[in-house]
Amino acid sequence: TQKNLERLEKMRIELPYGKGTLPLDVPDKNLLEVAVPKELIQPQQPELMVQEALQHPLGTNRLSTMIRPGETVAIVIDDYTRPCPTKIILPPVLEELKNAGVNDLDVLIIIATGTHTPPSSDVIKDLVGDKIFRNYMIISNDAVNGHHVNVGRTKRGNDIEILKEFVEADFKILLGDIEYHYFAGFGGTRKSILPGISSKNTIQRNHSLLFEKHSRMGQLKENPINQEMNEAMHFTGCDFALSVVQNSYHCIVGAWAGKPELVMDAGVKLVDTMYKKEISEAPDIVITAANGHPHDINLYQAMKAMHTACQIVKQDGVIILVAECPDGHGSQLYIDWLKKYKTSEEICKALQTNFIIGAQKAFYHRVTVENHPVLLVSEMDSSDVTGLFGFIKEKTLGNALAKAFSLLGDRASVLVVP
């Protein structure tokens with residue numbers, strides 16, 4: 001029958017939503033594709049991968065042969081807001097230092113908090129493990145009150161001020177993970193220095209470059225934020241890096257050690273292999289989920305998915321954002337800026353005068369809703385959604401897709417990004 005034929009001509013897709021999923025039927029004639037990553041599974045035990053990386057470094061000698069007893073060593077690690085498996089990658093590095101004859105008292109571990117609040121003792125213990133917490137000196141970057149020293153001025157005139165304790169160490173090591181970042185291109189290596197252990201002034205100046213067109217996810221070569229981060233690493237110095245790449249289940253699928261530039265290149269290649277997708281044409285409609293819990297816990301987090309969709313959808317195309325947001329907006333600063341400034345241009349001018357970290361989300365938000373109808377499927381309060389955020393609230397995914405077709409016509413092309 002005609003009804004059965006119609007049912008057969010639709011593709012059923014499950015989109016992550018909170019801790020569950022929401023079903024969606026997209027007519028075959030409209031569906032361009034479902035952009036699913038080519039994820040790798042963990043090839044071997046993570047500890048073995050890290051050991052192998054340390055035994056065969058890229059562009060340097062083995063770590064245990066590069067340092068002499070009596071030298072001071074500073075190791076920068078990621079903070080609690082990053083998914084880096086520090087408990088797996090830090091112990092073998094400390095073991096290499098022991099093999100080189102370095103005294104535990106000559107090793108300083110620095111948490112790259114950037115402008116985040118320095119962590120409590122309990123959080124630090126959770127980050128590095130009890131044994132390392134007891135045996136090593138550990139400090140955090142305090143972007144406002146820390147002692148930062150000027151190591152040079154970038155081509156764009158930014159004074160690079162870096163935490164004194166790192167600058168003064170004889171041997172400098174960076175640990176972290178490499179992943180996409182929505183305006184630095186990628187996280188990893190040089191980002192441990194800027195913003196990781198920089199002063200607030202240096203970070204603000206660097207992040208204010210996000211209004212330039214190449215400051216975007218997955219782009220490094222012409223990205224001014226990345227260029228300045230590399231300059232900061234060059235001024236400060238970095239003798240050795242160890243980085244990993246994880247899949248979406250937080251399993252390590254790649255590990256490299258050695259010269260930071262070579263480590264970064266290897267990591268970026270693997271991230272792109274798994275997650276970069278060339279699309280044949282710009283879609284009329286992008287349906288995107290923020291990858292479920294915890295990424296859709298609030299709108300501030302889910303914004304990243306909307307921002308990515310904005311970069312691939314056709315001009316005047318429709319974005320459907322699927323995000324549970326049980327905690328609402330997630331950032332008072334974000335709300336204050338949306339209330340105070342009514343256009344992206346106003347926000348841009350205000351941030352260029354005085355860059356406030358976190359307020360850039362309000363800029364991305366305004367740019368998106370000024371250029372595209374955004375249909376939101378969420379648990380959020382309807383009055384906020386339509387009034388303050390400028391979204392169109394829809395009860396179900398089916399309703400949202402029907403609304404998008406009513407705006408663009410029933411031949412509109414659809415790209416789904418789960």
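Analyst: This is a predicted model. Start with helix 11 (residues 299-312) and helix 14 (residues 360-371), whose axes come within 10 Å and cross at roughly 45°.

User: Why is helix 11 called oblique to helix 14?

Analyst: Angles under 35 degrees count as roughly parallel, and 65 to 115 as roughly perpendicular. The crossing is at roughly 45°. Helix 11 is therefore oblique to helix 14. The crossing is left-handed.

User: How do you know that helix 11 and helix 14 meet?

Analyst: Contact means heavy atoms within 4.5 Å. On helix 11, the residues that meet helix 14 include Tyr-300, Met-303 and His-307. Their partners in helix 14 include Tyr-364 and His-365. The contact residues divide into 6 nonpolar, 3 polar and 2 charged.

User: What makes up the lining of the second largest pocket?

Analyst: Among the lining residues are Phe-211, Arg-216, His-307, Cys-310, Phe-363 and Tyr-364. Helix 11 and helix 14 are the elements that give two or more residues to this lining. The lining has 6 nonpolar, 3 polar and 3 charged residues. The space in the pocket is about 250 Å³.

User: Why are helix 4 and helix 5 called roughly perpendicular?

Analyst: Helix 4 (residues 86-99) and helix 5 (residues 121-128) pack at about 70°, with axes 7 Å apart. The range for roughly perpendicular is 65 to 115 degrees. So the two helices are roughly perpendicular to each other.

User: Which residues meet there?

Analyst: Thr-86, Lys-87 and Leu-90 in helix 4 meet Lys-125, Asp-126, Leu-127 and Val-128 in helix 5. By type, 3 are nonpolar, 1 is polar and 3 are charged.

Note on methods. Residues numbered from 1 in each chain as written. Predicted model: local features only at pLDDT ≥ 70, side-chain atom pairs only at ≥ 80, totals over all residues. Heavy atoms only, no water. Axes fitted to C-alpha atoms, helices over the stretch in contact; angles between N-to-C directions. Helix = DSSP H or I, 4+ residues; strand = E, 2+ residues; numbered from the N terminus. Parallel < 35°, antiparallel > 145°, perpendicular 65-115°, else oblique. Left-handed = near helix turned anticlockwise from the far one by under 90°. Nonpolar A, V, L, I, M, F, W, Y, C, P; charged D, E, K, R; others polar. 1 Å grid on protein atoms, 1.4 Å probe; cavity = no way out; pocket = protein on both sides within 12 Å on 5 of 7 lines; lining within 4 Å. Points joined across faces, edges and corners; volume = space filled by probe spheres on them.
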